[in-house]
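Here is a briefing on one protein model. Have the sequence and the 3D view open while you read.

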Amino acid sequence: MTASRQEETSVAKKLGPGLITGAADDDPSGIATYSQAGAQFGYGLMWTMVLTYPLMTAVQLVSAHIGRVTGRGLARNMREVLPGWLLTLLVAILFVANTINIGADIAAMGDAAQLVLGWGDHGFTIFFALLCLMLQAFISYHRYAHVLKWLTLSLFAYVAVMLVVHVDWAAAAKGLVVPRIDGPQAIATVVAIFGTTISPYLFFWQAAQEVEEVEDHDGARPLTEAPEQAPGEIRRMRIDTFIGMAFSNLIALAIIVATAATLHVQGVTRIDTAADAAEALKPVAGNFAFALFAIGIIGTGLLAVPVLAGSAAFAVGDARGWRSGLEYRVRDAPGFYGVIALATLLGIGLDWSGIPPIQALFWSAVVNGFAAVPIMAVMMVIATRRRVMGAFRIHGPLLWFGWAATVVMGAAAVAMLVWR
């Protein structure tokens, strides 16, 4: 991308990896976790979203910087600073966390379809898993992501709920600014919120997408090789990431408020099924609440499952030195697509585990909360290494917030283990 083109690019055109990452962050796991938080604790955990916004933005910016500056994905950069066994361990942690998340997402998509049609059960789960595989193998993700992003607009229904139901705004304001944790279950929910908001798969995905931005645009090169491109590219990444993460967190806040104002006040404090979660949309959708909820779950699932499987494949492929990228054909990157297929097919097994899909989504977020901590710590080491980042190693507020996010995630995970 030339300097003149950068100057002419509108704000809308600057939105790319960060916006898609933000949209994918509100996946079925996120919807379930935020719904459970609002139903069980009312407005009491809204402060977590205020805390996570600057932290998640910093972490995603660090990921983006690593990818754009070096022209390599996270795992390939990790090879520069980690012994092989440790890199293998971190990639294995990511693969397991992503597989659990994929399984929970596609099971929830099947459950949502069954909720509307009244039949299907495991069949829909298998269908959505195979659909995601076919889309990734034969259609450019960037092409169909533009279509799927329109389906995520159904999430704005939660914003509409806030406008038509009675919201205790005083309690909401208090929950937004006054941290409160009441017992072990609240700690687990906080870890789940952190895990679904600051998810390790998103780190690998955004870095990989920045690498593909370099490969897809004529004249674009890693910033270590073309420092003159840095001002425009860093500005683009900031705008893209700040807006993408803001979209993600505003929708999350809307889900918490909507479920607090509907389910919690009715005494519904545990969500086990898709029908339970869909009840929050009845004030605006009435008899169509189940259908609207299903559109949101299926739309965000179709957007997020490729990100989950793709990020695992980028991590494994980069760690092994394979050719990796969704723009490649299957025959040109067989190892990369093999990891995608393996993660997706293993995820199907979760549908036969007997765990209710909504609870599976919640606990997959908890797993992500634990998995993110060591990966974030290594990312911060990479981002500050002159040997890797050259003159573009991070410093100042981005460095402080990146380490703060790592410490906060670690503290929440430890608190969950010791506070029983």
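Two residues are in contact when heavy atoms of theirs lie within 4.5 Å. The model is predicted: local features need pLDDT of at least 70, side-chain atom pairs count only at pLDDT 80 or more, and totals for chains, interfaces and linings use all residues. Residues are numbered from 1 along each chain as its sequence is written, and side-chain values use heavy atoms, with hydrogens and water left out.

**Overall fold**

- The protein chain has 20 helices and zero strands. Both are DSSP runs numbered from the N terminus: helices are H or I with at least four residues, strands are E with at least two.
- The chain is as compact as a globular protein of its length, because its radius of gyration is 20 Å, close to the 22 Å that the globule rule gives for 420 residues. The radius is taken over C-alpha atoms, and the rule is 2.2 Å times the number of residues to the power 0.38.
- Along the principal axes, the C-alpha atoms fill a box of roughly 60 × 45 × 45 Å.

**Surface and charge**

- The protein chain carries 26 positive and 28 negative side chains. Lys and Arg count as positive, Asp and Glu as negative; His and the chain ends are not counted.
- The centres of the two charge sets lie 8 Å apart. Each charge is placed at NZ of Lys, CZ of Arg, CG of Asp or CD of Glu.

**Core**

- Of the 420 residues, 59% count as buried. Buried means under 20% relative accessible area, exposed over 50%, and partly exposed in between (1.4 Å probe, protein chains only).
- The largest nonpolar core has 137 residues. Such a core is a set of buried Ala, Val, Leu, Ile, Met, Phe, Trp, Tyr and Cys residues joined through side-chain atoms within 4.5 Å.
- M78, Y158, F203, F204 and F293 have the most contacts inside this core.
- Leaving out residues up to four places away in sequence, F293 touches I31, L115, Y158, A274, A277, A278 and L281.

**Buried site: A188**

- A188 sits in helix α11 (residues 184–197). It counts as buried, at 4% relative accessibility.
- Beyond its neighbours within four places in sequence, A188 is in contact with F362, W363, V366 and M416.
- A188 and L361 are 173 residues apart in sequence and 13 Å apart in space, C-alpha to C-alpha.

- E228 lies in the loop between α12 (200–216) and α13 (230–262). Its relative accessible area is 53%, so E228 is exposed.
- E228 and A278 are 50 residues apart in sequence and 50 Å apart in space, C-alpha to C-alpha.
- V164 belongs to helix α9 (residues 157–164). V164 is exposed, with a relative accessible area of 53%.
- Neighbours within four places aside, V164 is in contact with P283 and V284.

**Helix α6: D111**

- D111 is in helix α6 (residues 84–117). Not counting residues up to four places away, D111 touches A274 and P357.
- D111 and H122 are 11 residues apart along the chain, with C-alpha atoms separated by 8.4 Å.
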